[in-house]
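Okay, thanks everyone for coming.

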Amino acid sequence: QVQLVESGGGLVQPGGSLRLSCTASGSMLFIAAMGWYRQAPGKQREMVAKITSGGTTNYVESVKGRFTISRDNTKNTVYLQMNSLKPEDTAIYYCHGAITPSTAWSPYDYWGQGTQVTVSS
């Protein structure tokens with residue numbers, strides 16, 4: 001069973017920084033891509049940042065220049081460094097992985113449990 005476990009959320013003042021981590025565990029053949037999504041109250045879940053196995057990254061426009069996604073393939077871990085945080089970044093952040101488990105031949109979508117990020121003074 002593949003699992004994604006997140007850590008690093010919390011309360012921070014506007015302009016502050018946080019780093020989120022997400023580690024994939026279980027029997028896996030290949031991790032094609034990992035990323036972060038967020039969902040604020042009353043809003044739809046949106047993609048924040050994602051990174052492929054080859055290191056290609058994509059960001060939602062609102063976080064470009066402030067957030068950086070990276071991954072450590074040796075640890076099956078993806079990070080989201082969030083700087084210059086704004087109140088509008090407040091949301092539950094979910095880790096996502098496109099992962100082929102050892103029992104399959106194609107990738108499935110896996111999600112973490114979510115971690116709360118609150119930006120407030």
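So, how many disulfides does a search of the whole structure find? One, counting a disulfide as a pair of cysteine sulfur atoms within 2.5 Å. Before I go on, a quick word on ground rules: this is a predicted model, so local features need pLDDT of at least 70 and side-chain atom pairs count only at pLDDT 80 or more, while totals for chains, interfaces and linings use all residues. Residues are numbered from 1 along each chain as its sequence is written, and side-chain values use heavy atoms, with hydrogens and water left out.

Back to the sulfurs. The disulfide joins Cys22 to Cys95, S to S 2.0 Å, and with -85° about the S-S bond the link is left-handed. Cys22 sits in strand 3 (residues 18–25) and Cys95 in strand 9 (residues 91–101), so the pair links distant parts of the chain, 73 residues apart. Strands here are DSSP runs of E, at least two residues, numbered from the N terminus. Cys22 is buried at 0% relative accessible area, and Cys95 is buried at 0% too; buried means under 20%, exposed over 50%, partly exposed in between, with a 1.4 Å probe and protein chains only.

Next, the rings. How many aromatic pairs does the count come to? One, where rings of Phe, Tyr and Trp (its six-membered ring) pair if their centres lie within 6.5 Å, and planes under 30 degrees apart are stacked, over 60 edge-to-face, the rest tilted. It's Tyr37 with Trp111, edge-to-face, 5.0 Å centre to centre and 70° between the planes. Tyr37 lies in strand 4 (residues 28–39) and Trp111 in strand 10 (residues 108–111), so this pair ties together parts 74 residues apart in sequence. Trp111 is partly exposed, at 38%.

Last stop, the hairpin. Strand 7 (residues 67–72) and strand 8 (residues 77–82) run antiparallel, joined by six bridges; strands pair if DSSP finds at least two. Phe67 stands opposite Met82. Four residues lie between the strands, and Asn76 in the turn has a positive phi of about 50°.
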